[in-house]
Amino acid sequence: MKRVVVCILAAALLSGCKTSPTGRTQIMMFPEHKMNELGAASFDQIKTEQPVEADTKTNQYVKCIADALIAQLPNKYAQQNWEVVVFKDDSANAFALPGGKIGVHTGLLKVAKNQHQLAAVMGHEVGHVIAQHGNERMTQSSFLQAGLQVSNAVLEMNDVQYRNAIMQGLGVGAQVGVALPFGRAHESEADIIGLELMAKAGFKPIGSVELWQNMEKLGGDRPMEFLSTHPSPDNRIEKLNSKMAEANNLFRAAQQQGLKPHCKV
């Protein structure tokens, strides 16, 4: 049984190995068209559950930023028919889904004070899509679930004492040791992808740091980074600043090409 599982996992790893936009090795087992279908279906459901902002100026402002960012995406993404929707929601949030879907909450517009700061968030969310983080997380979840099921079967076959306690420990270990760090790696990678994307589109890279400074001022209870899927604002700012010189070079090149967005509410 163990040999069969090893063979299956080895075949899966060999067939699903890819490289992210930052050069990180990824394992993704789901076809891209299926992820696009799931993203579109999820977005349609969200639109039935959340009220949509009808204000024309607000929608034009968000769409202006989205268009500037999308124009700098790799061809297969830039050529998609992107749908951008502003949702009436007080949370400072935004998201992007496979299949060319972007959602922005009105609450975010109170925290992202200008086009540069909002572009940082939207670029980050689009970064998740072009790095196919959703596919990677679904694959990871499938592997973790399969691994726990195999472990449980082995313990059961060998009539191991305290099997339930051992399985509970394995579940916590998988969450803290694999799933959460994986989530933080995705967030950090999306930060860097988003920073480069906004700079190429002509938005000021420093807006990304200013955005997270604004987020930090919101306060609220946060779990220790060790037990969180997101890096702390301080760590995000530090990593963004470490890439700022490169981003500013991209920004200056964009300016020279005439890419100077003027998105206003």
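**The whole chain**

Begin with the entire protein, bearing in mind that the model is predicted. Its secondary structure comes to 10 helices and 5 strands. Of the 265 residues in the protein, 42% are buried. Contacts between residues at least 6 apart in sequence may be considered next: 72% of them join residues at least 24 apart.

**The nonpolar cores**

Which residues have the most contacts inside the largest nonpolar core? Select Ile65, Ile102, Leu118 and Met122, which hold that position in a core of 45 residues. Helix H5 gives the most to this core, with 8 residues. A second, separate core has 6 residues, among them Phe43, Ile46, Phe87 and Leu97. In soluble globular proteins, nonpolar side chains tend to be buried together.

Now centre the view on Ile65. Leaving aside residues up to four places away in sequence, Ile65 touches Gln115, Leu118, Ala119, Met122, Phe203 and Cys263.

**Helix H5: His116**

Select residues 115–130, which form helix H5. His116 lies in this helix. Is His116 buried or exposed? With a relative accessible area of 14%, His116 is buried, because that value falls under the 20% limit.

Display the side chain of His116 together with the backbone of Lys204: the backbone nitrogen of Lys204 lies 3.0 Å from a polar atom of the His116 side chain. Beyond residues up to four places away in sequence, His116 touches Met198, Phe203, Lys204 and Gly207.

**Helix H5: His128**

Move along H5 to His128, which is also found in this helix. His128 has a relative accessible area of 15% and is buried. Two polar contacts may be displayed here. The His128 side chain makes one with the side chain of His124, at 3.1 Å. The His128 side chain makes another with the side chain of Glu187, at 3.1 Å. When residues up to four places away in sequence are set aside, the residues that His128 touches are His133, His186, Glu187 and Ala190.

Select Gln132, in the loop between H5 and H6. Gln132 has a positive phi of about 55 degrees although it is not a glycine. Its relative accessibility is 15%, so Gln132 counts as buried.

**Helix H8 and its two partners**

Select residues 206–218 to show helix H8, which has 13 residues. From its first C-alpha to its last, H8 reaches 19 Å, close to the 18 Å expected at 1.5 Å a residue. The buried residues of H8 are Gly207, Ser208, Val209, Leu211, Trp212, Asn214 and Met215.

How do H5 and H8 lie relative to each other? The axes of H5 and H8 come within 8 Å and cross at roughly 85 degrees. The two helices are therefore roughly perpendicular to each other. On the H5 side, the contact is made by His116, Gln117, Ala120 and Val121. On the H8 side, the contact is made by Gly207, Ser208, Glu210, Leu211 and Asn214.

Select residues 133–157, helix H6, and within it Met138. Met138 is partly exposed, with a relative accessible area of 31%. Met138 and Met28 are 110 residues apart along the chain, and their C-alpha atoms are separated by 8.1 Å. Not counting residues up to four places away in sequence, Met138 touches Phe30, Met35 and Leu38.

The last stop is His33, in helix H2, residues 32–49. His33 is partly exposed, with a relative accessible area of 49%. Which distance separates His33 from Pro98 in space, C-alpha to C-alpha? The two residues are 8.9 Å apart in space and 65 residues apart in sequence.

Technical notes: Residues are numbered from 1 along each chain as its sequence is written. This is a predicted model: local features need pLDDT of at least 70, side-chain atom pairs count only at pLDDT 80 or more; totals for chains, interfaces and linings use all residues. Side-chain values use heavy atoms; hydrogens and water are left out. Helices (H or I, at least four residues) and strands (E, at least two) are DSSP runs, numbered from the N terminus. Buried means under 20% relative accessible area, exposed over 50%, partly exposed in between (1.4 Å probe, protein chains only). A polar contact is a pair of N or O atoms within 3.5 Å; within protein, one must be able to donate a hydrogen and the other to accept it, and residues adjacent in sequence count only if both atoms are side-chain atoms. Contact means heavy atoms within 4.5 Å. The expected span of a helix is 1.5 Å times one less than its number of residues. A nonpolar core is a set of buried Ala, Val, Leu, Ile, Met, Phe, Trp, Tyr and Cys residues joined through side-chain atoms within 4.5 Å. Axes are lines fitted to C-alpha atoms, for helices over the stretch in contact, and angles run from 0 to 180 degrees between N-to-C directions. Angles under 35 degrees count as roughly parallel, over 145 as roughly antiparallel, 65 to 115 as roughly perpendicular and the rest as oblique.
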